[in-house]
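Student: Before we discuss anything, could you show me the sequence and the model, so that I can follow the questions on the coordinates themselves?

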Amino acid sequence: MTDIRSHFHQELADLEQTLLNVADQAEQMVGMAVDAICIPDMELAARVVALDNQIDRIYLDVHNRWLTLMARQQPMASDLRMMSVLLHLNTTLERMGDQCVNIAKMAQVTYGLPRSDRIIAQIREMGDLVRQMIRTGVEALVRRDIDEARLLPAMDEPVDRLNRNMYREVVECGPDPSLLEWATRMMMVSRALERIGDQVVDIAEQTAFLLTGEMMEFNENGNSGTG
Amino acid sequence: MEMLEKDQEIDLTILPPASPAPAERVAVQARDLSVFYGAFQAVKDIDLACVANRITALIGPSGCGKSTVIRSFNRMNDLIPTARVEGRILFNEVDIYGPGVDPVEVRRRVGMVFQKPNPFPKSIYDNVAWGAKVNGFRGEMDTLVEGALRQAVLWDEVKDKLKESGYSLSGGQQQRLCIARAIAVKPEIILMDEPTSALDPVATLRIEELLQDLKQRYTIIIVTHNMQQAARASDYTAFFNMNPERAGYLVEYGRTEDIFTKPREKTTEDYITGRFG
């Protein structure tokens with residue numbers, strides 16, 4: 001059977017591709033932002049901010065294209081669900097970009113302060129985990145693979161644990177006031193990474209919605225309760 | 001028809017704001033167009049410039065004059081004895097109602113597809129070949145017929161039964177046959193007056209998809225009662241309404257995406273959101 005709405009479906013696919021590209025960019029920005037903290041590298045931090053400006057511009061463009069498609073094409077069924085997913089994805093990716101900027105700004109304000117190697121190692125670990133989550137979340141969406149999407153909550157669990165642990169690490173820096181300013185800022189970095197992890201789980205839930213038509217919140221085993 | 005060959009700069013000053021970008025060429029435009037049927041004024045002071053190789057949809061409530069406007073683009077109103085046209089229709093900057101202009105030639109270059117598919121009681125082949133024959137076409141007729149049927153995305157469905165009657169086809173196929181017939185005489189503009197209102201939803205979507213291909217070669221102006229169709233299929237939308245004397249007028253004209261997401265006029269907003277009409 002031929003696709004009698006091929007022009008519309010092409011536009012829908014183009015919109016999805018734009019956002020998949022943004023997701024790739026967000027994943028790289030997480031890496032750059034974490035490097036900006038860990039190296040530390042002010043230039044890298046500035047590049048993250050510039051890339052986020054790019055994401056913000058794409059966000060507005062996607063929003064306009066989305067609105068036009070919605071008004072003109074009256075999408076139905078899986079096309080309608082895809083439209084819903086794309087709108088959600090657009091907002092989520094824009095916020096992920098903002099979190100990367102938050103991390104980059106922490107790199108700028110803590111530049112030159114004494115640091116803790118343990119905390120640095122922990123932030124790097126969180127960054128690696130979150131990047132892997134983004135790659136998996138995007139892949140699940142691209143492949144329309146609900147089983148892969150269900151992996152995300154379990155992948156997010158160590159990120160949450162490391163974030164909770166960060167509090168203790170910072171407290172342990174307490175006796176050294178010169179370290180404390182840097183360490184408390186790192187709590188905010190940890191929190192930003194933890195938020196990005198949650199946002200990727202959100203994307204996975206959207207993928208599940210796209211595939212099943214059921215809106216669901218994943219629990220940590222990737223099983224669902226209706227949201 | 002030398003007069004219709006003149007290709008001068010088109011004055012874009014009559015375009016409303018947020019309408020075609022100046023870089024786009026205007027194919028045909030109504031200037032100060034009024035049409036009367038006897039003493040009754042059906043449309044009043046229409047200024048509308050349709051962009052080449054784009055689809056312009058005319059929408060509005062019943063009786064707002066959109067069919068009258070589209071029929072004046074190829075002098076189809078001449079066929080109604082009481083009809084009288086004031087103002088101008090400029091096609092390649094020539095007024096098609098001007099002296100010395102042959103309405104038959106106008107209709108060859110500005111083709112029309114009607115609401116109900118109206119194939120001739122002839123074979124599929126002859127339906128397409130007819131217009132070219134009448135116009136003294138001397139080339140390879142089989143090639144012409146195949147080309148027109150291919151452009152109308154009908155060829156694969158009829159290539160093995162070209163000698164069968166046009167009536168043997170489904171409604172949607174008949175309408176595509178009528179489009180092929182219109183294409184075969186090599187028009188520059190194709191007018192469509194509610195071309196899918198007699199078709200089922202799938203045949204309708206098929207025609208809409210076909211329009212997206214046809215606009216690469218032709219300028220298309222379509223009257224539709226179906227707002228969603230205008231939204232889906234057109235690049236520009238003109239919204240018409242009636243004044244208290246029941247004469248149709250142009251309320252708003254602009255890019256389809258703007259008309260359906262942020263119309264400038266409250267009347268347009270009310271109409272497309274179903275608050276009147």
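Student: Is A:Gly112 buried or exposed?
Tutor: This is a predicted model, in which local features need pLDDT of at least 70 and side-chain atom pairs count only at pLDDT 80 or more, whereas totals for chains, interfaces and linings use all residues. Residues are numbered from 1 along each chain as its sequence is written, while chains are lettered from A and ligands numbered from 1 in the order in which they are written. A residue is buried if 20 or more other C-beta atoms, placed from the backbone, lie within 10 Å of its own, exposed if 12 or fewer do, and partly exposed in between. For A:Gly112 there are 9 other C-beta atoms within 10 Å, so the residue is exposed.

Student: Between which helices of chain A is A:Gly112 found?
Tutor: Helices here are DSSP runs of H or I with at least four residues, strands are runs of E with at least two, and both are numbered from the N terminus. A:Gly112 lies 8.5 Å from A:Pro40, C-alpha to C-alpha, although 72 residues separate them in sequence. The loop that holds A:Gly112 is the one between helix H3 (77-109) and helix H4 (117-143).

Student: How are H6(A) and H7(A) oriented relative to each other?
Tutor: Axes are lines fitted to C-alpha atoms, for helices over the stretch in contact, and angles run from 0 to 180 degrees between N-to-C directions. Angles under 35 degrees count as roughly parallel, over 145 as roughly antiparallel, 65 to 115 as roughly perpendicular and the rest as oblique. The axes of helix H6 (residues 152-172) and helix H7 (residues 177-212) of chain A cross at roughly 165 degrees and come within 9 Å. H6(A) is therefore, relative to H7(A), roughly antiparallel.

Student: And which orientation do H3(B) and H4(B) have?
Tutor: In chain B, helix H3 (residues 124-134) and helix H4 (residues 141-151) have axes 9 Å apart and pack at an angle of about 110 degrees. The two helices H3(B) and H4(B) are therefore roughly perpendicular.

Student: Which residues of H3(B) make the contact with H4(B)?
Tutor: Two residues are in contact if their C-beta atoms, placed from the backbone, lie within 7 Å. On the side of H4(B), the contact is made by B:Met141, B:Leu144, B:Val145, B:Ala148 and B:Leu149. From H3(B) come B:Tyr125, B:Val128, B:Ala129 and B:Ala132.

Student: How many residues of strand E8 of chain B are buried?
Tutor: Both faces of E8(B) are covered, with B:Thr219, B:Ile221 and B:Val223 on one side and B:Ile220 and B:Ile222 on the other. For the strand as a whole (residues 219-223), the number of buried residues is five of five.

Student: Which residue in E8(B) is the bridge partner of B:Leu58?
Tutor: Two strands pair if DSSP finds at least two bridges between them. Strand E3 (residues 55-59) of chain B and E8(B) are paired in the parallel sense over four bridges, and five bridges join strand E7 (residues 189-193) of chain B to E8(B), also running parallel. For B:Leu58, the partner in E8(B) is B:Val223.

Student: Which helix gives the most to the side of chain A that touches chain B?
Tutor: Ten residues of chain A are in contact with twelve residues of chain B. Helix H1 (6-38) and helix H2 (42-73) of chain A each supply at least two residues of that side. The helix that gives the most, with five residues, is H2(A).
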